[in-house]
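I opened my notebook to look up salt bridges. My entries follow the display.

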Amino acid sequence: MKILILGAGQVGGTLAENLANEANDITVIDSDSTRLRELQDRLDIRTVQGKASFPTVLRQAGAEDGDMLIAVTNSDEVNMVACQVAKLLYKTPTTICRVRANAYLAKPELFYQREQKKDLDSLRGFPIDVLISPEHLVTKHITRLIEYPGALQVLEFSKGLTQLVAIRATEGGPLVGHELSYLRTHMPKIETRVAAIFRKGRAIMPQGDTVIEDGDEVFFIAASDHIRSVMSELQPLEKPYKRIFICGGGNIGQRLAHTLESRYQVKLLERDHERCVMLSENLRKTVVLEGNAANKDILLEENIENTDVFCAVTNDDEANIMASLLAKRLGARKVLTLINNPDYVDLIQGGDIDVAISPQQTTIGSLLTHVRRGDVVNVHSLRRGAAEAIEAIAHGDHRSSKVVGKRLDEINLPEGTTIGAIVRHSEVLIAHDHLRIQPDDHVILFLVDKTRIRDVEKLFQVGLTFF
């Protein structure tokens with residue numbers, strides 16, 4: 001595919017790296033020549049310097065014959081105008097736009113794509129095919145971690161019917177020290193599949209005789225109703241969270257408090273006085289506090305030692321890290337920290353900071369969903385982009401498809417790829433060798449080697465005989 005990426009920041013750069021490694025024709029547009037030069041030195045891509053919304057710049061970048069435009073600059077306005085220019089002047093087939101400001105997101109009529117007619121004259125508002133809100137994605141990610149105490153990552157497929165969960169195996173979990181086959185004996189009524197195990201940073205493809213060790217990062221898939229039962233096999237089950245302390249009242253902090261305040265006791269700490277006034281007027285049950293999270297006395301006054309989850313979500317990585325370390329030392333049970341710099345994530349996670357959350361990786365997965373070939377409806381980036389989980393829909397018949405009509409053990413999966421589950425007519429079927437894939441099945445796959453993504457896509461592309 002010929003893809004134009006507008007913005008060479010963390011998200012744009014990471015996306016360019018992902019897509020360039022998959023043999024796409026990538027052009028990155030940014031006004032920062034230094035950043036573009038850094039990307040070009042590392043990646044086999046083309047770069048264009050200039051304002052991303054200018055028609056002349058888009059034409060210079062090849063918008064006239066581009067397949068897709070992904071606008072992820074730091075300016076919502078530039079992103080939205082660039083999508084409109086590309087669609088109206090250059091008939092770009094697919095436009096994807098990152099929008100952060102709630103003032104825009106609260107008015108969905110701004111992004112109405114088309115009326116009933118298919119011609120461009122009928123466009124209303126900004127012609128954006130896919131709208132991405134990082135704050136919304138990060139809020140969902142944190143909310144799921146709070147709903148499942150002890151999880152490192154919780155990913156949804158098929159509208160929440162099934163979930164893929166990453167969890168750290170801990171001594172005291174019934175399965176730790178046993179072979180995977182023991183799980184079926186111990187829980188005969190629970191269907192689950194371990195998709196991958198990461199031990200000391202290295203991927204292990206699980207077999208029935210694989211022994212789970214203390215410290216393993218285990219990815220398993222199960223119907224949503226069974227997630228907690230499987231988690232209890234891998235570590236002593238934590239008590240549900242009740243008290244949440246949010247540090248930072250920006251877009252993410254406000255959205256998170258609004259999402260959680262009806263089910264949890266939420267306190268939100270923000271240093272800016274005017275922002276505190278606005279938050280207290282817009283949040284119903286959240287206790288809004290004014291102050292600095294690096295102030296030990298404030299945390300002690302608010303009984304930080306009784307806090308179940310401390311979430312640091314300011315725009316400053318260093319402030320988030322220091323506040324999280326202080327909260328943990330003062331007795332907070334679990335600490336979740338937002339980290340924008342991807343180089344920090346691996347350094348800090350797993351010590352005093354329980355989970356480091358990367359907005360870039362959360363956003364990348366959502367963007368990749370729309371880039372993948374075949375009918376791919378969900379993509380999740382895992383382990384800071386090293387692995388990937390995909391939900392693909394099987395189409396065609398036994399003549400036109402490489403998967404439809406075949407048993408799972410007959411499918412020639414690329415190395416490092418496993419099928420975790422199939423969702424068929426709202427029923428979750430955990431993968432077993434004897435299962436046959438039927439038309440319109442949603443197949444959930446796990447890849448520990450992202451270089452094989454093209455091979456997986458080819459499996460789910462329909463041959464000409466189908467037409």
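Is Lys87 buried or exposed? I found that Lys87 is buried, at a relative accessible area of 2%. (Buried is under 20% relative accessible area, exposed over 50%, partly exposed in between, with a 1.4 Å probe and protein chains only.)

I noted the ground rules next. The model is predicted, so local features need pLDDT of at least 70 and side-chain atom pairs pLDDT 80 or more, while totals for chains, interfaces and linings use all residues. Residues are numbered from 1 along each chain as its sequence is written, and side-chain values use heavy atoms, without hydrogens and water.

I then looked up the partner of Lys87. Asp129 meets Lys87 in a salt bridge, 2.7 Å from N to O. (A salt bridge is a side-chain nitrogen of Lys or Arg within 4 Å of a carboxyl oxygen of Asp or Glu.) This pair links distant parts of the chain, 42 residues apart: Lys87 is in helix α4, Asp129 in the loop between α5 and β6. (Helices are DSSP runs of H or I, at least four residues, and strands are runs of E, at least two, numbered from the N terminus.) Asp129 is partly exposed at 23% relative accessibility.

I turned to Asp441 and Arg424. Their closest N and O atoms are 2.7 Å apart, in a salt bridge. Asp441 sits in the loop between β21 and β22 and Arg424 in strand β20, so the pair ties together parts 17 residues apart in sequence. Asp441 is buried at 1%. Arg424 is buried at 13%.

My count came to 20 salt bridges.
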